[in-house]
Amino acid sequence: MSSSGDRRAAGVDEALSRGFSGFELANKPHLRDTTITAVVLDAMREIKAKRPEQRFVVMSSQAGMTAYHGVKEHHGTAELIDTCSLATRDFLTSLPPGILSRRVGMVLHFKTYIQKQKMCDARCGTRRPDIGGNIH
């Protein structure tokens with residue numbers, strides 16, 4: 001039976017082999033995030049291989065690892081929208097009072113966005129994301 005240290009070491013080795021930096025693996029949440037990030041990047045690559053003209057909208061609650069790597073790898077064809085309005089201001093300056101809540105920055109919750117998508121997109125010039133959620 002392997003120890004948690006052995007599993008962590010195996011996870012670090014896997015993440016490093018996929019191109020993540022040592023800085024990104026400094027703690028358990030970041031190491032965990034490499035797994036979902038790798039899955040999302042693989043999906044984006046598969047879509048791009050079939051449809052090279054595809055443009056992606058990546059909506060993230062933190063503009064964290066997954067969003068960063070998606071936009072970095074697909075620079076020029078991927079756009080980031082930060083629902084916390086820390087990295088982008090798409091929603092901050094466009095939505096009426098009461099839509100955003102205060103937590104870290106001014107947050108547009110995904111549930112609210114989905115419920116009010118047409119209004120949000122019309123006012124903010126955004127579109128429903130291809131990749132989104134509480135991804136980090």
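1. Helices (H or I, at least four residues) and strands (E, at least two) are taken here as DSSP runs, numbered from the N terminus. The model is predicted: local features need pLDDT of at least 70, side-chain atom pairs count only at pLDDT 80 or more, and totals for chains, interfaces and linings use all residues. Residue numbers start from 1 along each chain as its sequence is written, and side-chain values rest on heavy atoms, with hydrogens and water left out.

2. Thr34 belongs to helix α2, residues 28-50. This helix has 23 residues and runs 34 Å from its first C-alpha to its last, close to the 33 Å expected at 1.5 Å a residue; the expected span is 1.5 Å times one less than the number of residues. At the start of α2, the backbone nitrogen of His30 lies within 2.8 Å of a side-chain oxygen of Asn27.

3. Thr34 has 6% relative accessibility and counts as buried (under 20% relative accessible area; exposed is over 50%, partly exposed in between, with a 1.4 Å probe and protein chains only). The buried residues of α2 also include Leu31, Asp33, Thr37 and Lys48. Leaving aside neighbours within four places in sequence, Thr34 is in contact (heavy atoms within 4.5 Å) with Ala15, Phe20, Leu25 and Met65.

4. Met65 is part of helix α3, residues 65-73. Met65 is buried, at a relative accessible area of 10%.

5. A nonpolar core is a set of buried Ala, Val, Leu, Ile, Met, Phe, Trp, Tyr and Cys residues joined through side-chain atoms within 4.5 Å. The largest has twelve residues, including Val57, Met59, Phe110, Tyr113, Cys120 and Cys124. At least two residues of this core come from each of β1 (56-60), α4 (110-115) and α5 (117-124). Another core, of nine residues, lies apart from it and has Met44, Val58, Ala67 and Ala78 among its members.

6. The criterion is a pair of cysteine sulfur atoms within 2.5 Å, and a search of the whole structure finds zero disulfides. For Cys120, the nearest cysteine sulfur is that of Cys124, 5.9 Å away. Cys120 is buried at 0% relative accessibility, and Cys124 is buried at a relative accessible area of 14%.

Terms used. Polar contact = N/O pair within 3.5 Å; in protein donor to acceptor, adjacent residues only side chain to side chain.
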